[in-house]
Amino acid sequence: MTIDTATTSWAAFAAAAPDLAAAGAQHLDRAEGAALLATVRGDAPPRIHPVTVGIVDGGLYVFLLDSAKRRDLVEDGRYALHAHQDMAAPDEFSVRGRARLIPQGEIRDKVGSGWFFEVDETYWLFELTVQSAILGVRGADEWPPRYTRWSAADGGRA
């Protein structure tokens, strides 16, 4: 069995699936970037952490302090991210892929300058590259949701 590891930037995802990416961005923005980040490392069980994410200049980013989630991203890189859920608008959005550490410099400074909270040198910036995304749309009394999926492995077809 071959495991696909193809990933792309948020901008490339948005170019390949603009409606899905726009809906995803809206879901990630509805709680001012609040989302749940799942990480793994080696054979350890997955961990789930609240984080703040943002889309800046075509990249999906997260700043992290020293923590298990930061070590997971440095050592393994795999993640899944789920947007905050709003029971009044029960649609859902999630994305998964690989994290890439962004070193000190121009990109980190630009992302940090407009971030949701003040970041300093103790925060590490990661770009969350996209392997796949899924949007579930439903009304308040509708189940199951109607899903739209996208994968970088499928050549970016939604």
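## Fold

The protein chain holds 4 helices and 7 strands. The model is a predicted one. In sequence order, the elements of the protein chain follow the pattern α-α-β-β-β-α-β-β-α-β-β. Of the contacts in the protein chain with a separation of 6 or more, 63% join residues 24 or more positions apart.

## Overall dimensions

The C-alpha trace of the protein chain spans about 45 × 40 × 30 Å along its principal axes. The radius of gyration is 15 Å, which agrees with a compact globule, because a globule of 158 residues would have a value near 15 Å.

## Nonpolar cores

The largest nonpolar core has 28 residues, and the members that touch the most others are Phe13, Leu28, Val53, Leu60, Leu81 and Phe93. Two or more residues each come from helix 1 (10-16) and helix 2 (18-29), and likewise from strand 1 (34-39), strand 2 (47-56), strand 3 (59-64), strand 4 (78-83), strand 5 (92-102) and strand 6 (124-137). Strand 6 gives the largest share, 5 residues. Another core, of 8 residues, lies apart from this one and includes Tyr61, Val111, Tyr123 and Leu125.

Leu81 is one of the residues of the largest core that touch the most other members. Beyond its neighbours within four places in sequence, Leu81 is in contact with Leu28, Ala35, Leu36, Leu37, Val51, Val53, Leu60, Phe93, Ser94, Val95 and Leu128.

## Surface and charge

Of the 158 residues in the protein chain, 42% are buried. The accessible surface of the protein chain is about 8700 Å², and carbon and sulfur atoms account for 52% of that area.

The protein chain carries 22 negative and 16 positive side chains. The centres of these two sets lie 5 Å apart.

Conventions:
Residues numbered from 1 in each chain as written. Predicted model: local features only at pLDDT ≥ 70, side-chain atom pairs only at ≥ 80, totals over all residues. Heavy atoms only, no water. Core = buried A, V, L, I, M, F, W, Y, C linked by side-chain atoms within 4.5 Å. Buried < 20%, exposed > 50% of the residue type's maximum accessible area, 1.4 Å probe, protein only. Contact = heavy atoms within 4.5 Å. Rg over C-alpha atoms; globule rule 2.2 N^0.38 Å. Areas by Shrake-Rupley, 256 points an atom, 1.4 Å probe, with all protein chains shown as cover. Lys, Arg positive; Asp, Glu negative; His and termini not counted. Charge placed at Lys NZ, Arg CZ, Asp CG, Glu CD.
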